[in-house]
Amino acid sequence: MAPPARPYSIALPYSVASAPVPLGPLVSRTEELLAAGLAEGTRRSYEAPQRRFVEFASALRGSLPVFPVDEATLLLFASHYFDTYAPNAASVRAAVFAVQSMQVRAGHPPFWSQFRRLHQLIEGMARTVPVAPDSRCPVTYDMLVAAHRAINHSSVDGVVMWAAMSCAFFGLLRVSEFTARSTSSFDHRRDLSAADLSFSSSGDTPVAILRIKRSKTDQRGVGADVVLPHVDAAVCPHCALLRLASLPRTTAPHSTPLFEICGTPLTASAFNTRARRILRALGFDVSRLTSHSWRIGGATHAARSGLPSHSIQTIGRWRSDTYRRYIRDPTTIAVHARTHMVPHTSSPHFVAAPSSSTGSTARSRRAA
Ligand SMILES: [Zn+2]
């Protein structure tokens, strides 16, 4: 059985006597809204596992329909998927959710909470193959400072690239939040435009504000403001954006990409290629540098600077605690945090030393 051509085709379980409104357009509209309930990226990532499951289950079940799915078939499919396509538990779990999405689409209830053996199977996979450490490397503050020195700030290219790098790092931006999907696909309803940059102040501090319209964790497009204050350093993101905003533009702000080079919107791959080129020329190892390295670099730097984790979660706009695994310098952070767990810089030896007059002095010093 091939996946249905119209995946959300709605079959009414009775014959229609007389429709209250024209049924064709209503069915189309309903299908369109159902489809919009899944993010485009999710839909794309579900395609391959769904196709593989339908092939697998059709071969096993012969003339029986594939849905609703039974647990035994799914267990066998999950093992097959693990051994054939993706030897890691996370990918198998994602494939199972792709199948569940298809089951719901076919009008049947979700199965994940019922199929307990499936949970155990996936746990077994996780224990069989340990999770590979995330190999993406964070951009460091030193890299940022070096890049700022190396960039030619009198060229349009340089101004745009520097503003993008500085914003990505200090704003903890996902690359999809500040770049266009392709050089020809700028969409002002989704992508960052010149109209999404504004300047204001918070107390005495001038700030730049980026309006992020939509993101991975904001599929409804509620939007979020990323506030980038002026900092007293050459790498100030606010100053980088002021310089960017001063570039002459020929098109209306809302239809102009905020980051564009020679009239072409900056894409993720162009940003990554250019940033790597700059850093490689400076002698940095860029082999594990991706466009995500800027976001994790900003988070790691914030943690290293002593910013509490809940604040990092806020500025990085993480809805869950996934940000913890992006912070790549556990040793420095642990040292920093644990040093602060002791109320005073003095060592216990100093406090207890015979030269310090009395026990009560030692106690009051400790309490300070
Ligand atoms: Zn500034």
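1. Phe169 is found in helix α7, where helices (H or I, at least four residues) and strands (E, at least two) are DSSP runs numbered from the N terminus. The model is a predicted one, in which local features need pLDDT of at least 70 and side-chain atom pairs count only at pLDDT 80 or more, while totals for chains, interfaces and linings use all residues. Residue numbers start from 1 along each chain as its sequence is written.

2. Is Phe169 buried or exposed? Phe169 counts as buried because it has 25 C-beta neighbours inside 10 Å; the cut-offs are 20 or more other C-beta atoms within 10 Å for buried, 12 or fewer for exposed, and partly exposed in between, with C-beta atoms placed from the backbone. Leaving out residues up to four places away in sequence, Phe169 touches Val139, Leu144, Trp294, Gly297 and Gly298, a contact being a pair whose C-beta atoms, placed from the backbone, lie within 7 Å. Between Phe169 and Val139 there are 7.9 Å from C-alpha to C-alpha, although the two are 30 residues apart in sequence.

3. For orientation, the protein chain has 15 helices and five strands, and 27% of its 368 residues count as buried. Among the chain's contacts between residues at least 6 apart in sequence, 66% join residues at least 24 apart.

4. Helix α7 (residues 156-170) also packs with helix α9 (residues 237-245), at an angle of about 145° and with the axes 9 Å apart; axes here are lines fitted to C-alpha atoms, for helices over the stretch in contact, and angles run from 0 to 180 degrees between N-to-C directions. The crossing is left-handed, that is, the near helix is turned anticlockwise from the far one by less than a right angle, whereas clockwise would be right-handed. On the α7 side the meeting residues are Val159, Val160, Trp162, Ala163, Ser166, Cys167 and Phe170, and on the α9 side they are Pro237, Ala240, Leu241, Arg243 and Leu244. By class, this contact has ten nonpolar, one polar and one charged residues, with Ala, Val, Leu, Ile, Met, Phe, Trp, Tyr, Cys and Pro counted as nonpolar, Asp, Glu, Lys and Arg as charged, and the others, Gly among them, as polar.

5. A nonpolar core is a set of buried Ala, Val, Leu, Ile, Met, Phe, Trp, Tyr and Cys residues joined through C-beta atoms within 7 Å. The largest has 51 residues, and Val160, Ala163, Ala164, Met165 and Cys167 have the most contacts inside it. Elements giving two or more residues to this core include α6 (141-150), β2 (205-212), β3 (224-229) and α10 (268-281), but the largest share, eleven residues, comes from α7. Beyond its neighbours within four places in sequence, Ala164 is in contact with Phe178, Phe259, Leu266 and Phe271. Another core, of 20 residues, lies apart from the largest one and has Ala57, Phe82, Ala95 and Val96 among its members.

6. Helix α4 (residues 89-105) has 17 residues and reaches 24 Å from its first C-alpha to its last, close to the 24 Å expected at 1.5 Å a residue, the expected span being 1.5 Å times one less than the number of residues. Its buried residues, including Val92, Ala95, Val96 and Val99, pack against α2 (40-61), α3 (71-84) and α5 (116-128). Within helix α2, Phe53 is buried, with 25 other C-beta atoms within 10 Å, and is in contact with Phe77 and Val99 when neighbours within four places in sequence are left aside.

7. Some backbone details deserve a look. A cis peptide bond, with omega about 0°, joins Phe67 and Pro68, and Pro68 lies in the loop between α2 and α3.

Notes:
Two residues are in contact if their C-beta atoms, placed from the backbone, lie within 7 Å.
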